[in-house]
Amino acid sequence: KNGNEADIYVGGSSEIRHLGYSIRNSYKQNNELMKKIVWEQNERRKSELDVLQNQINPHFLYNTLTMICGMAAEGMTDKIILVTGALSQIFRYSIKGNDLVSLREELEIVKSYLMIQKGSFADRFTIEYNFSDDAYDCLIPKMVIQPLVENAIVHGLEKSL
């Protein structure tokens, strides 16, 4: 049989054969049920991750655009170029097709996000990255770190600053 099916010999008296067929059918049903459960769990996790990845906070976008308007009013062309470049990089990355990315790629987006946030907070916080060289090549779900960093800023820094 294939690798997922038990090789159950069914022979002997009719009662034994009936019992053997029942065991074989139960095994097949359990196997199919387990496949369905695993598939449903994977789909649920994928849906949860999709929601998280598609949730670039509208408040962040609003604040960034407001900050850009303020920079324009002050004639801060160089800063406007940096901020809009970082913002476009974040949005381009968020619609990129890969579900898994290297930590290195994910951190580039986090750095863009934090560069924008530092502008909003007038550089009132500092950032330190501390990863082993091996970690940068590890694959992680795309857009999973940025929402965590955003929550840390919104629920931690904003209240204390």
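Isoleucine 145 lies in helix α5 of this predicted model, and, leaving aside its neighbours within four places in sequence, it is in contact (heavy atoms within 4.5 Å) with Leu103, Glu106, Val110 and Ile140. The C-alpha atoms of isoleucine 145 and leucine 107 are separated by 7.9 Å, although these residues stand 38 residues apart along the chain. Residues are numbered from 1 along each chain as its sequence is written. Local features need pLDDT of at least 70 and side-chain atom pairs count only at pLDDT 80 or more, while totals for chains, interfaces and linings use all residues, and side-chain values use heavy atoms, with hydrogens and water left out.

**Overall architecture**

- The protein chain has 5 helices and 2 strands, where helices (H or I, at least four residues) and strands (E, at least two) are DSSP runs numbered from the N terminus, and along the sequence they follow the pattern α-α-α-β-α-β-α.
- Of the 161 residues in the protein chain, 26% are buried, a term that stands for under 20% relative accessible area, with exposed meaning over 50% and partly exposed in between (1.4 Å probe, protein chains only).
- Among contacts with a separation of 6 or more in the protein chain, 68% are made by residues 24 or more positions apart.
- The protein chain exposes about 11,000 Å², of which carbon and sulfur atoms supply 55%; accessible areas come from the Shrake-Rupley method with a 1.4 Å probe, and for residues only the protein chains shown count as cover.

**Helix α2**

- Helix α2 (residues 58-73) has 16 residues and should span 22 Å at 1.5 Å a residue, which agrees with the 23 Å between its end C-alpha atoms; the expected span is 1.5 Å times one less than the number of residues.
- Phe60, Thr64, Met67, Ile68 and Met71 are buried in α2, and, seen down the helix axis, the buried residues fall within an arc of 100°, so they line one face of the helix; the arc is that of the directions from the helix axis to the C-beta atoms.
- An α-helix has 3.6 residues a turn, so residues three or four places apart point the same way.
- Pro58, Tyr62, Cys69 and Ala73 are exposed on the other side of α2, and the helix is followed by glycine 75, whose phi is positive, near 70°.

**Helices α3 and α4**

- The 18 residues of α3 should span 26 Å at 1.5 Å a residue, in agreement with end C-alpha atoms that are 26 Å apart.
- Ile80, Val83, Ala86, Leu87, Ile90, Tyr93 and Ser94 are the buried residues of α3, and what covers them includes α2, β1 and α4.
- The buried residues of α4 include Leu103, Glu106, Leu107 and Val110, and the helix is followed by alanine 122, whose phi is positive, near 50°.

**Largest pocket**

- The largest pocket has a volume of about 230 Å³, and its lining includes Met67, Met71, Val83, Met115 and Asp123; the elements that give two or more residues to this lining are α2, α3 (77-94) and α4 (103-120).
- On a 1 Å grid over the protein atoms alone, a pocket is an open set of points where a 1.4 Å probe fits, with protein on both sides within 12 Å along at least five of seven lines, and lining residues have an atom within 4 Å of a point.
- Grid points are joined across faces, edges and corners, and a volume is the space filled by probe spheres set on the points.

- Serine 102 lies in strand β1 (residues 100-102) and counts as buried at 12% relative accessibility; beyond its neighbours within four places in sequence, serine 102 is in contact with Tyr136, Asp137, Cys138 and Leu139.
- Phenylalanine 121, in the loop between α4 and β2, is buried with a relative accessible area of 7%, and its C-alpha atom is separated by 9.3 Å from that of leucine 157, 36 residues apart along the chain.
- Methionine 143, in the loop between β2 (139-141) and α5 (145-160), is buried with a relative accessible area of 1%, and its phi is near 60°, a positive value in a residue other than glycine.
- Proline 147, found in helix α5, is buried with a relative accessible area of 10%; proline 147 and valine 110 are 37 residues apart in sequence and 9.1 Å apart in space, C-alpha to C-alpha.
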